[in-house]
Amino acid sequence: MKHFVVGVLPYLTFLILVFGLIYRIRGWYASKVKYQLNLFPAPDTPGGEILKEILFFKTLYRFERPLWVMSYGFHLGIFLIFIGHIAGIAFAGHQFTLFGATPEQSEKLSFAFGMLAGTLAFFGALALLLRRLSGQVKQVSDPWDYIDLLLILAIVTTGNAMRTLAPVELFAVKKYFADLFSLRPINYELPTAFVIHYFFGQILLMYLPFSKLLHLAGGLINKAIILTGDGKAKLLKL
Amino acid sequence: MSTQKAVDFLKGRLNKKLIASLEVCAHCGICKDSCHYYRASQDPVHTPAYKAEKLRKIYRRYFTPTGKLFPGLVGARDFDEEYARELKDIAFGSCTMCRRCTINCPMGIDTGLIVRTARAMLAAINMVPASLKAGVDLTIESGNNMGVTREEFLETIEWLEEQLQDEVGDSKAKIPVDKKGARVLYMTIPLEVKVYPLSFIALAKIFYAAGEDWTVSSKMFDATNLALFSGEDDLARLHAQRLRDATVELGVKVLAMTECGHGFRAMRWEAENWLGEKFPFEVRHVVELIHEYVTSGRIKLDPSRNTKPVTYHDPCNLARNGGIYKEPREILARAVSDFREMSPSGVENLCCGGGGGMLAMTDYAKSRIAAGKPKVDQIMATEAKEVVAPCHNCMVQLQDLKKHYKMPVNITALSEIVANALVLPGEEKNN
């Protein structure tokens, strides 16, 4: 089982993620416009607005401040985690030496950023889940709304546990990924905490193209169309 | 009734804009405060995301891998007759497609497009509410939604011309009919000519003062395109084609749509896409023409003639969906002495509740009046005595709201306010 999760499943995950994304997004873009009802000449939006939306979730901030706190914290946490995983694993925690830190300082910084990101994502996801379970939002939710959040919570929790309760040697993880990327099947000796975290992570990646988590791909493009759509000429070209 | 036909229809309609709008909802629910139905009822079923979800469930069931495999998990639903009836009450009965939620969605989801698609699906299986359908059919049959004949129209115009001559004190003042090569073709609606002629005369007076070379068509005199709302695409296209043909026949440069939101939107923003051609004339809203006259000094206004406090209602299809919200304010700044802005205003202004063909659908009249309450609150907060709305549809809804909620205000077309402030040539010298 352990061998499957770390030795076989990752390749499957990769294929499902990549081909899933291609399949879904191709499906959107291949479809022809058969009936045009696409017009937002109204708001004259300066380019900066789109940036504000992407960087700061401006609409949420304007409409529901408490939700903005939850959502922004959550997404910022996820974003930092994403960057942190790439950098942290690639440099085995020594990424900050690039900016002049000593290896020990770098490991401490890496740990601190990990704590920050993990805490933001954990409490963000928890808050979003509680919000969804309460009152009106519950009525407009489907099972998969909860599944998405529970899955992310499981990943974040095991991730946090690995940083605090059951520390994992980053160098071993780096070596594992190096072997994985060079398609060399070896005998992996990886801690159970890592394997569980890794398993949930892969489930998320496989599920991503088929879930509403895809809002990360379509949402901003869509918003950009709405914010900048101007004029007849442009519409005719669409 | 074959519901499969509606599903097939949806398949043919899926394009990237629609798919994106169907896919990317994160169910965050902040759209609720954008919706006048929700604001009036505080009922979560009026959250736009929830209404759009009605179509999403079908989309997922038939067109996504997860919906096909795990319908229960992702909230996918079979499209059966019972569900079709539920969808009808949502798509026709509780959304005016004002698209306020769209501009306020972090993901830019076009709920208006989703609801319009649901309506078209229902139209494909003959489920358009009877009262709306009757309006569309009469338009297609007679060329206008009130079944006014050409003779009746000509007679009324003759009478209106006399009124105009009295108003301006010039027996040579004309309402030119079918004048080939005029600069502007004014596309009215039968309601304006037959029931509310004041705004027509006001506009004729403005054209007179501006020395505009204008005309009306005795062939086509209805800007209303109800099929835009019923979901019958081919009929919406047909009416647009007729308006286009009448305009081309007269060889005018500008097709000026009357004070109507969706009629303007249909011709200005949709029709060229429907008909697949670039029009050899410009489509403008009369508010744009008046704005041109006022700012270029072609007509002179005296704001001291409109002293009552005035507020302005932005029709959804003019502001959010049409891009016209600065012009009327610049006109009013010169036409009235006490202007008060509603909050929110411009592209963020609330729908009056009468849009999207809602006024034509008698079945949903009660909820329409209820959903107008936020608009009433907005108006009352300004303490204005005149509400200006450059859209006859909005005006009818505002009149209904006035009656029901006992608002102490007048509902006025923009042209009437402008005509009232109009300083006719010759008058200046007397002052």
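View 1. In an unreviewed UniProt entry, the annotation "domain: Cysteine-rich" covers residues 310-399 of chain B. UniProt positions are given in the numbering used here, feature names are shortened, and annotations may be inferred rather than shown by experiment. Over residues 310-399 of chain B, the chain is 39% helix and 9% strand, and the end C-alpha atoms lie 16 Å apart. Helices (H or I, at least four residues) and strands (E, at least two) are DSSP runs, numbered from the N terminus. The model is predicted: local features need pLDDT of at least 70 and side-chain atom pairs count only at pLDDT 80 or more, while totals for chains, interfaces and linings use all residues. Residues are numbered from 1 along each chain as its sequence is written, chains are lettered from A and ligands numbered from 1 in the order in which they are written, and side-chain values use heavy atoms, with hydrogens and water left out.

**View 2. Arg284(B) in a strand of chain B.** Arg284(B) has its place in strand S4 (residues 282-285) of chain B. Its relative accessibility is 16%, so Arg284(B) counts as buried (buried means under 20% relative accessible area, exposed over 50%, partly exposed in between, with a 1.4 Å probe and protein chains only). Leaving aside neighbours within four places in sequence, Arg284(B) is in contact (heavy atoms within 4.5 Å) with Val254(B), Leu255(B), Ala256(B), Met257(B), Phe264(B), Leu289(B) and Glu292(B). Arg265(B) is 19 residues from Arg284(B) in sequence and 9.6 Å away in space, C-alpha to C-alpha.

**View 3. Helices H2 and H8 of chain B.** Helix H2 (residues 16-23) of chain B packs with helix H8 (residues 111-124) of chain B at an angle of about 105 degrees, and their axes are 9 Å apart. H2(B) is therefore roughly perpendicular to H8(B) (angles under 35 degrees count as roughly parallel, over 145 as roughly antiparallel, 65 to 115 as roughly perpendicular and the rest as oblique). Axes are lines fitted to C-alpha atoms, for helices over the stretch in contact, and angles run from 0 to 180 degrees between N-to-C directions. On the H2(B) side, Lys17(B), Leu18(B), Ser21(B) and Leu22(B) meet Leu113(B), Ile114(B) and Thr117(B) of H8(B).

**View 4. Aromatic rings in both chains.** Over all chains, the structure holds 24 aromatic pairs. The rings of Phe207(B) and Trp214(B) have their centres 4.6 Å apart and their planes at 40 degrees, so this pair is tilted. Rings of Phe, Tyr and Trp (its six-membered ring) pair if their centres lie within 6.5 Å; planes under 30 degrees apart count as stacked, over 60 as edge-to-face and the rest as tilted. Phe207(B) and Trp214(B) are both buried. In chain A, one aromatic cluster is formed by Tyr176(A), Phe177(A), Phe181(A), Phe194(A) and Tyr198(A).

**View 5. Ser211(A) in a loop of chain A.** Ser211(A) lies in the loop between helix H9 (192-207) and helix H10 (215-228) of chain A. Ser211(A) is buried, with a relative accessible area of 1%. Apart from neighbours within four places in sequence, Ser211(A) is in contact with Trp144(A) and Asp148(A). Chain A has 11 helices and zero strands, and 45% of its 238 residues count as buried.

**View 6. Helix H21 of chain B.** Helix H21 (residues 414-421) of chain B is mostly covered, with six of its eight residues buried. The buried residues of H21(B) are Leu414(B), Ser415(B), Ile417(B), Val418(B), Ala419(B) and Ala421(B).
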